[in-house]
Amino acid sequence: MLVLIDRDGVLNRDRSDLVKSPEELDILPGAPEAVASLTRAGHATAVITNQSVVGRGLIDLAMLERIHDKLQAAVSAAGGRLDKIYICADPPWAAGPRRKPAPGMLIEAMAHFRAAPADTVMIGDAKRDLEAAAAAGVRRLLVLTGKGAATRDAGWPAAVDPVEIHADLAAAARALTGKAAA
Ligand SMILES: [Mg+2]
């Protein structure tokens with residue numbers, strides 16, 4: 001299975017002022033172990049993240065890479081692997097076909113990993129994650145961390161159903177693997 005994972009609010013704490021340095025990347029408890037349980041179960045994992053922080057000119061790609069080095073190091077220390085990180089730098093006012101809710105990054109990832117939509121899932125905390133997953137034809141898991149509880153309360157268009165709801169990434173990973181994270 002290919003497991004696509006949103007970043008902010010799922011792997012690390014969502015910040016309304018955006019993550020602009022490794023120091024501002026506050027990894028959620030249990031998230032690295034959850035990725036590790038997916039890796040151990042033989043699933044490919046990829047991050048699918050809108051990073052308008054780049055398109056807005058707040059940080060450059062080199063800084064984004066340093067932020068992701070910290071994320072990868074935490075996952076690696078837990079015994080897991082994020083196989084690829086897809087980013088879309090577009091600011092919202094110049095959104096291309098890769099910026100969620102558009103499905104471009106998900107389609108790219110499925111092509112890279114040669115995964116069919118039926119063998120792919122997307123885990124996210126925002127409506128745009130669910131919409132992108134629905135547009136790509138992949139299974140949708142909402143976690144209640146980050147914006148997740150507000151997303152659940154606000155609801156989504158019927159076309160986005162069905163959506164599976166889990167407390168956090170660890171619970172979503174357990175649902176996908178049938179195992180608790182070590
Ligand atoms: Mg998010």
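Helices (H or I, at least four residues) and strands (E, at least two) are DSSP runs, numbered from the N terminus. The views below come from a predicted model.

**View 1. Leu18, a residue with positive phi.** Leu18 sits in the loop that runs between strand S1 (2-5) and helix H1 (31-40). Its phi is about 70°, a positive value, although Leu18 is not a glycine. Leu18 has 25% relative accessibility and therefore counts as partly exposed, the class between under 20% (buried) and over 50% (exposed).

**View 2. Arg114, a residue with positive phi.** The loop between H4 and strand S4 (120-124) holds Arg114. Arg114 is a residue other than glycine, and its phi is positive, near 50°. Because its relative accessibility is 79%, Arg114 counts as exposed; the cut-off for that class is over 50%.

**View 3. The cis peptide bond from Lys100 to Pro101**. Omega of this bond is near 20°. Pro101 belongs to the loop between strand S3 (84-88) and helix H4 (104-112).

**View 4. The cis peptide bond between Asp161 and Pro162**. Here omega is about 0°. Pro162 is placed in the loop between helix H6 (148-154) and strand S6 (164-166).

**View 5. Helix H4 and the loops on its two sides.** Helix H4 covers residues 104-112. The loop between strand S3 and H4 contains Pro101, which is joined to Lys100 by a cis peptide bond. The loop between H4 and strand S4 contains Arg114, whose phi is positive.

Conventions:
Residues numbered from 1 in each chain as written. Predicted model: local features only at pLDDT ≥ 70, side-chain atom pairs only at ≥ 80, totals over all residues. Heavy atoms only, no water. Buried < 20%, exposed > 50% of the residue type's maximum accessible area, 1.4 Å probe, protein only.
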